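I opened the model today and kept notes on each thing I looked up. The structure comes first, and my entries stand below it.

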Amino acid sequence: MRGETDEVEDRFHDTWIKLGRIEPSGPIRDPLPYIYKVADNVVLDARKMRQRREKRDEAYGETTSQQNSESGERSIDANVELREVETALEDLSERTLMVFRKARIEGYTQKEIAAELEISVSGVEKHLLKAYARIAELRTRQTEDLPS
Amino acid sequence: MASKDTDMANQRPSDAIMKRAAEWRAKLHAGEALAGEWAAFTDWMDGAPEHAVAYDIVSENESAFVDYLEQYPEETVEEEVTKPRWQPWAIAASVALLLITSVALLPGVLPSNDEPVRLATGSAELRQIEIASDLNVTLNGETELVQASRDASEFELIDGEVLFAVGPEYSSGIRVVVGDLTIVDRGTVFNVSKGSSEYRISVSEGAVELSHGEQVITLQAGQIGTFDVKAGSLEVARFDPATIGRWTERRLEYTRASIDQVLLDASRSLGVSIDKGSCSPPADFVGTIQLSGSADEDVSLIADLLGCTAQTSPDGWVFAS
């Protein structure tokens, strides 16, 4: 899908291991989408790691202090500036943000969110699409930041 | 390290591709995507190198966004804006709902905000929605379905194709309006496809009633009705009920179908327009086409099956004899 063949093999292996380690909070109703999702996350994690490593290697030569050691997966990706995220947050309405948080971070289903906010499921989707459209606009300068 | 994707990333994908990538990310990671949608997504990713670049950018942005929200929860972003406004709103909403409910109980008075809900899909997109307990619909690509009533008993198919699964719990049944045709169902599985010149209704379980003006015809399980829009006539034929909704797996099966139908189904599934052009294949098509999801491959496969050649056109594909 993405990357070279040997990388694909590595990611496949990572996915396999990760699937073995994760203890899902409940029974998995539909295993295939679940596996897809884990694999997609593994590819993204690997990509972020590689970028951090490349950035660090660069910084090493310039004797900059290590700005981004792997201090856990929760550290904010240095490629996206905090300010950019904050501006994006300000651009989104509180409702949209609430829907995004519930769907993406708290793991509620769209139906549950719709019931809680008393809107339709397609209303929930609209909020999510709004949030993601703004997210896609982040880091328009990203291409220059990438190591070459 | 000059890797291939760095070169590609130097050209930021077009806004349209970025938008599509954002839609995929939303569906896959904030929604409840089914296996079929993941398969459609991987096909899309394979469709062009920029697709993968766009998706990677969106994924990384999203992950930064999520990291931020997780590190700075509620109080910085949500609570200060939410607290003063959300609670009164919620109270107002509950009051309004109570009012609506009591007004609705009065005979002859309709709730004023009983607005229709529009369900739609983009090109080559499949969407499964649980409208109510025991009422599921699957939308094919480029489909628009309007839920006309809040109790989910009335729908209008504006365009495209929908597979309805109405379980026994949903005893009140549903009505689906397609152009000037009305379908009334009680506890069945049926498929409706709206084309420009004909509508197809196939039933795999139970039965549905079709009405057009004064005429009423019942379609039983295993029957497919093809409604000719211009002539206003309905032709009923048999089909294998096990094949219903196979388009959700990109499998097109026909016991007897017009070429227009085959091309319509394929273009819906692939998200590209396919014009018959000067190609004049035999009138009826019988057989199964398993689409791969790659438009190039699938279109040339269909062209071969019909004995035509396919060429790209500004709008998609056009066939020639």
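The entries go from confidence to chain A, then to helices and a sheet of chain B.

**Ground rules.** I noted that this is a predicted model, in which local features need pLDDT of at least 70, side-chain atom pairs count only at pLDDT 80 or more, and totals for chains, interfaces and linings use all residues. Residues are numbered from 1 along each chain as its sequence is written, while chains are lettered from A and ligands numbered from 1 in the order in which they are written.

**Confidence.** I looked up pLDDT, the predictor's confidence in each residue, from 0 to 100, and found a mean of 79 for chain B, with 83% of its residues at 70 or more. Within chain B the lowest mean, 41, belongs to helix α5 (residues 75-105), and the highest, 92, to strand β6 (residues 174-178); helices (H or I, at least four residues) and strands (E, at least two) are DSSP runs, numbered from the N terminus. Over residues 75-113 of chain B the pLDDT stays under 50. I reminded myself that where pLDDT is low, the predicted coordinates should not be read in detail. For the complex, the predictor gives an ipTM of 0.73 and a pTM of 0.45.

**Chain A.** I found seven helices and zero strands here. Of the 148 residues in chain A, 24% are buried, which requires 20 or more other C-beta atoms within 10 Å of the residue's own, whereas 12 or fewer count as exposed and anything in between as partly exposed, with C-beta atoms placed from the backbone.

**Helices of chain B.** Helix α3 (residues 35-47) of chain B packs against helix α4 (residues 49-71) of chain B at about 115 degrees, their axes 5 Å apart; axes are lines fitted to C-alpha atoms, for helices over the stretch in contact, and angles run from 0 to 180 degrees between N-to-C directions. W44(B), M45(B) and G47(B) of α3(B) make the contact with H51(B), A52(B) and Y55(B) of α4(B), where contact means C-beta atoms, placed from the backbone, within 7 Å. I then checked R20(B), in helix α2 (residues 15-29) of chain B, which counts as buried because it has 21 C-beta neighbours inside 10 Å. From R20(B) to H51(B) the C-alpha distance is 8.6 Å, although 31 residues separate them in sequence.

**A sheet of chain B.** I traced an open sheet of three strands, ordered β15-β18-β17 (chain B), with mixed pairing; two strands pair if DSSP finds at least two bridges between them. β17(B) and strand β18 (residues 316-320) of chain B pair in the antiparallel sense over five bridges, and T309(B) has A320(B) as its bridge partner in β18(B).

Methods: Two residues are in contact if their C-beta atoms, placed from the backbone, lie within 7 Å.
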